[in-house]
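Please open the model in the viewer and keep the sequence panel at hand.

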Amino acid sequence: MKKTKKFIYLVSPRKIKNNKFYSNLASIFKSKKVSFFQLRLKNEKNSKIITIGKKIKKIAKKYKVKLIINDNPILAKKIGSDGCHIGQSDSTVSKARKILKNKIIGVTCHNSKKLVEKAINEKVDYIALGAFYPSNTKNVKYKASIKLLKLAKKMTDIPIVAIGGINLTNYKKLLLNKANFLAISGYIWNNKKLKPIEAISKLK
């Protein structure tokens, strides 16, 4: 099975409480399994997100991980990140393109073939599909199927990021069905049995 060695699209915890997070992040990036890191802090002030984002940017750059900012192309530009992830209720791809020019823009397409078609027409850099499994990180409104993943792979060469409840027991099925990247958050940050670096080391 051919797969990207760096197949993880790591999403930040909801809150970044202390400096321990940054040392954990560096050791995770060192594992060479993470391609993208998305900073997703829904309830923080922009000024705090910028401060945190700039710290993460230094670590990401050192380990050649692409830093993506959730929802906000203007913040992405201020932080100097590699790109922005856009949900269906956030900015539009065309607005984000104007702000970020040729940086990475990824878009959530939930479980919808129509949204995948729209994203292809808008020439996004990756398409996120999900949720594939129940998730504790956010409420699952949309349930995506392996059938849709296979269909999307036939429709386009744009990389597909699978999202939603991905963990040690279910991740291989998504890779076998040709998901390019797996968005993982809770399994790494809220794992009751394993430290973040132990959790990521089990994903092979």
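Is Glu 117 buried, partly exposed or exposed? Glu 117 counts as partly exposed, at 34% relative accessibility; buried denotes under 20% relative accessible area, exposed over 50%, and partly exposed the range in between, with a 1.4 Å probe and protein chains only. The model is a predicted one, in which local features need pLDDT of at least 70 and side-chain atom pairs count only at pLDDT 80 or more, while totals for chains, interfaces and linings use all residues. Residues are numbered from 1 along each chain as its sequence is written, and side-chain values use heavy atoms, leaving out hydrogens and water.

**Helix α5**

A salt bridge here is a side-chain nitrogen of Lys or Arg within 4 Å of a carboxyl oxygen of Asp or Glu. Lys 113 is partly exposed, with a relative accessible area of 42%.

**From α5 to α4**

Next, select Asp 125 and Arg 97, whose side chains form a salt bridge at 3.0 Å, N to O. Asp 125 belongs to the loop between α5 (113–121) and β6 (126–130), and Arg 97 to helix α4 (residues 93–100), so the pair ties together parts 28 residues apart in sequence. Asp 125 is partly exposed at 32% relative accessibility, as is Arg 97 at 24%.

**A salt-bridge network**

Move to Lys 15, Glu 44 and Lys 48, which a network of salt bridges links. Between Glu 44 and Lys 48, the closest N and O atoms are 3.7 Å apart. Glu 44 counts as buried at 17% relative accessibility, whereas Lys 48 is partly exposed at 37%. The structure holds 6 salt bridges.

**Helix α6**

Select residues 146–155, helix α6, and colour its buried residues: Ile 146, Leu 148, Leu 149 and Ala 152. Viewed down the axis of α6, these fall within an arc of 155°, so they line one face of the helix; the arc is that of the directions from the helix axis to the C-beta atoms. The face turned away from the buried side carries the exposed residues Lys 147 and Lys 154.

Definitions and conventions
Helices (H or I, at least four residues) and strands (E, at least two) are DSSP runs, numbered from the N terminus.
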